[in-house]
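Grab a pencil and work through these exercises with the model open beside you. Try each task before you read its solution.

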Amino acid sequence: MKEKFAATLHYIKHNIIPYLPAALIVGFVIWHLFILKNNSYLDICENDTHIRTLKQEIAKEEALIKQLQEEINNSESDIVTIDRIAREKHGMQLPYEDVYLIVESPADIPTLNNNQ
């Protein structure tokens, strides 16, 4: 029995202990890369991709806001633009005009204001 214990101890001392620090480091790295919840490397990469996508969407929305703001600024002083918007988006007409709307579906019909 003592011989088996001594052989096992000798095996552990010469074959396992020298590689134990490296095994612990590898285990720690694997744990941090794949197993750790909410902070693993894979989660961080996924979140970075999501952040980049959101930043691109924000940039698009800011460009649209800028374009619409310029359109508002231009339309406040341009009577032709105001008239066009009133006719196209709100279905308005002058009292002496007849308006014919061509729609593709019933949901596209604007509310008509009859100014008589």
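**Exercise 1.** What should the twelve residues of helix H4 (residues 79-90) span at 1.5 Å a residue, and how far apart are the end C-alpha atoms?

*Solution.* Start with the ground rules. This is a predicted model, where local features need pLDDT of at least 70 and side-chain atom pairs count only at pLDDT 80 or more, while totals for chains, interfaces and linings use all residues. Residues are numbered from 1 along each chain as its sequence is written, and side-chain values use heavy atoms, leaving out hydrogens and water.

Step 1: the expected span of a helix is 1.5 Å times one less than its number of residues. Helices are DSSP runs of H or I with at least four residues, strands are runs of E with at least two, and both are numbered from the N terminus.
Step 2: for H4 that gives 16 Å.
Step 3: the end C-alpha atoms of H4 are 16 Å apart, so the two values agree.

**Exercise 2.** Find how many helices and strands the protein has, then check its contacts and burial.

*Solution.* Step 1: count four helices and zero strands, which read α-α-α-α along the sequence.
Step 1: take the contacts (heavy atoms within 4.5 Å) with a separation of 6 or more; residues 24 or more positions apart account for 0% of them.
Step 2: of the 116 residues, 5% are buried (under 20% relative accessible area; exposed is over 50%, partly exposed in between, with a 1.4 Å probe and protein chains only).

**Exercise 3.** Which helix gives the most to the nonpolar patch?

*Solution.* Step 1: list the patch members, including Ile25, Trp31 and Leu42, with about 1000 Å² of accessible area for the whole patch.
Step 1: H2 (20-35) and H3 (41-77) each supply at least two residues, but H2 gives the most, with eight.
Step 2: pick Phe28, in H2; Phe28 counts as partly exposed because its relative accessibility is 49%.

Technical notes. Patch = residues over 30% accessible without salt bridge, like charges linked within 9 Å, V, L, I, M, F, W, Y side chains within 5 Å. Areas by Shrake-Rupley, 256 points an atom, 1.4 Å probe, with all protein chains shown as cover. Salt bridge = Lys/Arg side-chain N within 4 Å of Asp/Glu carboxyl O.
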